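Colleague: Walk me through how to read this one, please, feature by feature.

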Amino acid sequence: MNTELARFNMIEQQIRPWEVLDDGVLQLLATVRREDFVPPALKALAFADLQVPLIADEPHGPVMLEPKIQARLLQELQVQRHEKVLEIGTGSGFMAALLAHRAQQVWTLECRSALVAQARENLRRAGVTTVRVVEVTAEDGARGLPAEAPFDAIVLSGSVAAVPRALLEQLKVGGRLAAIVGELPIMCARLYTRVGPEAWSEVDLFDTVAPRLQGFAEPTRFAF
């Protein structure tokens, strides 16, 4: 495989058509080696327009989201160099690596020990030093990281039925949170912005689907 051609095609054929036009984001996708964050057996899928499974024996487990989804979320968050960012759902560490190139400090939470070790090693090999990978229980991940709050930006690298208020409250005023929200077959990427001490705005960005993040409450269902 011609890796650089595959990377170029990923950007030009998948990412640009998805309204990702921020030159800084496109440059990151061209320079941060996505293939180094994919499980070795699946490197041929590194630039494909699909979700890459991260744990071999969990076919419905955690995935690396499609390149266009990660790129669009990164663009919408508008992270600045002086900002502090929280990610929930580290996976293999690729999104954290992208965020690290834009932010001052990144905290990323992961509940699977195998992925914690994998992400730390991937980030180390990539020379990323401003990301702290924190191992948590699934339930603690849904609570965020209040000890380090407030954050300028938060991203959930997976889907949830609804974003907990506890996470929205960990944003600074002016801070943004990006998440994929909803239930199959309909989900959408949504951007929340804290506009005041007790006020948040939200805007739906695009339709997509993603595996559930562990530990987040599902909506109550009633039987009649």
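**Reading the model**

Modeller: Let's start at Pro150, in the loop between helix H6 (138–142) and E6. Those labels come from DSSP runs, numbered from the N terminus: helices are H or I with at least four residues, strands are E with at least two. Bear in mind that this is a predicted model, where local features need pLDDT of at least 70 and side-chain atom pairs count only at pLDDT 80 or more, while totals for chains, interfaces and linings use all residues. Residues are numbered from 1 along each chain as its sequence is written, and side-chain values use heavy atoms, with hydrogens and water left out.

Colleague: What kind of peptide bond joins Ala149 and Pro150?

Modeller: As a rule, most peptide bonds are trans. The one between Ala149 and Pro150 is cis, with omega about 10°. Leu184 and Pro185 are also joined by a cis peptide bond, again with omega at about 10°. Look for Pro185 in the loop between strand E7 (171–183) and strand E8 (186–196).

Colleague: And the backbone phi angles: what is phi of Glu19 near?

Modeller: Most residues other than glycine have a negative phi. Glu19 has a positive one, near 65°. Glu19 belongs to the loop between helix H1 (3–15) and H2, and it counts as exposed because its relative accessible area is 54%. The cut-offs here: buried is under 20% relative accessible area, exposed is over 50%, partly exposed is in between (1.4 Å probe, protein chains only). Gln78 falls in the loop between H3 and strand E3 (84–88) and is partly exposed at 42%.

Colleague: On to helix packing. At what angle do H2 and H3 pack?

Modeller: Two packed helices are described by the angle between their axes and the distance between the axes. For H2 (residues 23–31) and H3 (residues 67–77), that's about 140°, with the axes 9 Å apart. Axes are lines fitted to C-alpha atoms, for helices over the stretch in contact, and angles run from 0 to 180 degrees between N-to-C directions. So H2 and H3 are oblique to each other: under 35 degrees is roughly parallel, over 145 roughly antiparallel, 65 to 115 roughly perpendicular, and the rest oblique.

Colleague: Which residues of H2 and H3 meet?

Modeller: Val25, Leu28 and Leu29 of H2 meet Ala71, Leu74 and Gln75 of H3, where contact means heavy atoms within 4.5 Å. By class, that's five nonpolar, one polar and no charged residues. Nonpolar covers Ala, Val, Leu, Ile, Met, Phe, Trp, Tyr, Cys and Pro; charged covers Asp, Glu, Lys and Arg; the others, Gly among them, are polar.

Colleague: How do H1 and H3 pack?

Modeller: At about 75°, with axes 10 Å apart, so H1 and H3 are roughly perpendicular. Met10, Gln14 and Ile15 in H1 touch Pro67, Lys68 and Ala71 in H3, a contact of four nonpolar, one polar and one charged residues. H1 passes H2 in a right-handed crossing, with Arg7, Met10, Ile11 and Ile15 of H1 against Leu26, Leu29 and Ala30 of H2.

Colleague: How many residues of H3 are buried?

Modeller: 10 of the 11, so H3 is largely enclosed by the rest of the structure. Among them are Lys68, Gln70, Arg72 and Gln75.

Colleague: Last one: which side chain does Glu35 join in a polar contact?

Modeller: Arg7, at 2.9 Å. A polar contact is a pair of N or O atoms within 3.5 Å; within protein, one must be able to donate a hydrogen and the other to accept it, and residues adjacent in sequence count only if both atoms are side-chain atoms. Glu35 is in the loop between H2 and strand E1 (52–53) and counts as buried because its relative accessibility is 7%. Compare Ser157 in strand E6 (residues 151–160): its side chain makes a polar contact of 2.7 Å with the side chain of Glu87, and Ser157 is buried at 17%. Beyond residues up to four places away in sequence, Ser157 touches Leu65, Glu87, Ile88, Gly89, Met95 and Leu213.

Definitions and conventions: Left-handed = near helix turned anticlockwise from the far one by under 90°.
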